[in-house]
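Here is a friendly briefing to read alongside the sequence and the 3D view.

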Amino acid sequence: MKFDGNLCYCSPAHGGWGIIRVAALIPESYLLFVCPAACFRHGALGAIQHGYKNRISYLYINQEDIVEGYDRLIEEGIDELLERARVSIKLLFVYVSCLDDFIGTDLDAVLTKVGKKYPDIVFRPGHMNPIASSTKLPPAITTYDSMLKALPIHDSLDDGITFYGNFVEIPKENELITVLNEYGMNVRQIATCHDFEEYKLLSKSKYGILMKPLAKMGLANLEKQTGASHVTMLANYDLTSIREQYIELENMLGLSLVDKMDLYERKAKIAIEKAVKAVKDLPVYVSDSATVFPCQLAVTLIKYGFNVKRIYAQDLVTFDQEAISWLQENCPEVEIIQADHPRMNIRETSEAYAISIGEEAAYLSNSRFVADISADEGMFGFNGVELLMNSIAGAMKEKADIRKLIEEYGGIV
């Protein structure tokens, strides 16, 4: 099954984590975008909306710069920025736009030269080229790779474990965080770093957990330098699969984990039963604004007893193909809808007496109930299942204000 790859529609509910929010996760980092004046208007407005206004600057180039090249202009722009900056900058990302894919500025060489002038600042290149979004190296992947390349290679590693790919902290009450803390392990997450020095410790861990596909390339490049190892534990809400993931992690760490998870698994099962009872046979719509793998989540929900009827997705990712095949064979009535297809700009006006998981499905279907889940944020393991189910059950208590949910989450940036 394939989606159309032509003109795309971007709904108001298409929020989430763009390169600005991701790169800005690094404490004391700053972003400089080198682009024509018409570029990044959406990014600038989104940055204000999400509170990053004071950590982004723009260096505008004109037609003459495009013809003659702007290597020196970038150097001069960085000089001016660092002279005028009112915040501490330990890491400076310099992004060029898709225009530069045709010009070919040697950004690495420019930043190497600038780095000698400012040895106390780490400089990293970035490419904001939406035209690469459908390739194997979209901006999200190259940005995360650039973020990890800002990490130092330590003389030795400790017995810590670092989460890679999650943008929101896995909460302290999560079963894995709890158990690892009981063992006295250093648990490191980018979302818990308070300053750049703490961020630099992410690469000191001997172990890692890969949580999202976008971090795969960057983590592979990092581990070639550090010699660390990791297990892959992508977003998953199937209890059996979660237990299998913990067994793999247990084997890597050499610690007893699975036996300590029984209580959390039972709590997840109770939450599932309550959610199924609350929703009953109401149609359920799943969105990839809620989870990285919407088809996989749909299959899991169906097996739990939910009446899944639709899936809204911008793309059909590789990791979801097995779930798509399962749906086609076992539940062919489930619709898989391309959320960014041009015809989706005509939104359903009549309210759907259904529950949507994720804001984009809610907006496009005009659902009455909405489980306010976004990008698997903070969701992991059995505790993640419990949180998801509590959100679904809680959503059934009142009609959702879709406009308010969209405004609160903000646009993608």
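A215 sits in the loop that connects β7 (205-210) with α10 (216-226), in what is a predicted model.

**A215 and its surroundings**
- Is A215 buried or exposed? Its relative accessibility is 0%, so A215 counts as buried.
- Beyond its neighbours within four places in sequence, A215 is in contact with Y144, Y164, G165 and L210.
- T112 lies 103 residues from A215 along the chain, and the C-alpha atoms of the two are separated by 25 Å.

**The four-stranded sheet**
- β7 belongs to an open sheet of four strands, ordered β6-β5-β7-β8 and paired in parallel.
- At the edges of this sheet are β6 (187-188) and β8 (229-232), each of which pairs on one side only.
- β7 and strand β5 (residues 158-164) are joined by five bridges in the parallel sense, and D158 has S205 of β7 as its bridge partner.
- Helix α10 lies across β5, β7 and β8, and runs at about 160° to β8.

**Helix α6**
- In α6 (residues 107-117), the residues L107, V110, L111, V114 and G115 are buried.
- Why do they share a side of α6? They cover an arc of only 135° around the axis, and this puts them on the same side of the helix.
- K113 and K116, on the other side of α6, are exposed.
- What do the buried residues of α6 pack against? Their partners are α4 (71-84), β3 (91-97) and β4 (122-128).

**The five-stranded sheet**
- A further open sheet has five strands in the order β11-β10-β9-β12-β13, with parallel pairing.
- Its edges are formed by β11 (335-338) and β13 (367-371); each has a single partner strand, so one side of each has no neighbour in the sheet.
- From one strand to the next, the twist averages 25°.
- β11 pairs with strand β10 (residues 307-313) in the parallel sense over four bridges, and I336 in β11 stands opposite I311.
- Helix α16 (residues 381-395) lies across β12 (352-357) and β13, at about 150° to β13.

**Nonpolar cores**
- The largest nonpolar core holds 67 residues. Those with the most contacts inside it are Y246, L249, L301, F306, I357, M389 and I392.
- Which residues does I392 touch? Not counting residues up to four places away in sequence, they are A275, V279, L301, F306, I355, I357 and A371.
- Another core, of 39 residues, lies apart from the largest one and includes L25, M147, L148 and L151.

- C8 is in no disulfide, and the nearest cysteine sulfur, that of C10, is 9.2 Å away. With a relative accessible area of 47%, C8 is partly exposed.
- C331 is likewise in no disulfide; the nearest cysteine sulfur belongs to C295 and is 12 Å away. C331 counts as buried because its relative accessibility is 11%, below the 20% cut-off.

Conventions:
Residues numbered from 1 in each chain as written. Predicted model: local features only at pLDDT ≥ 70, side-chain atom pairs only at ≥ 80, totals over all residues. Heavy atoms only, no water. Buried < 20%, exposed > 50% of the residue type's maximum accessible area, 1.4 Å probe, protein only. Helix = DSSP H or I, 4+ residues; strand = E, 2+ residues; numbered from the N terminus. Arc of directions from axis to C-beta. Contact = heavy atoms within 4.5 Å. Pairing = 2+ DSSP bridges. Axes fitted to C-alpha atoms, helices over the stretch in contact; angles between N-to-C directions. Core = buried A, V, L, I, M, F, W, Y, C linked by side-chain atoms within 4.5 Å. Disulfide = S-S within 2.5 Å.
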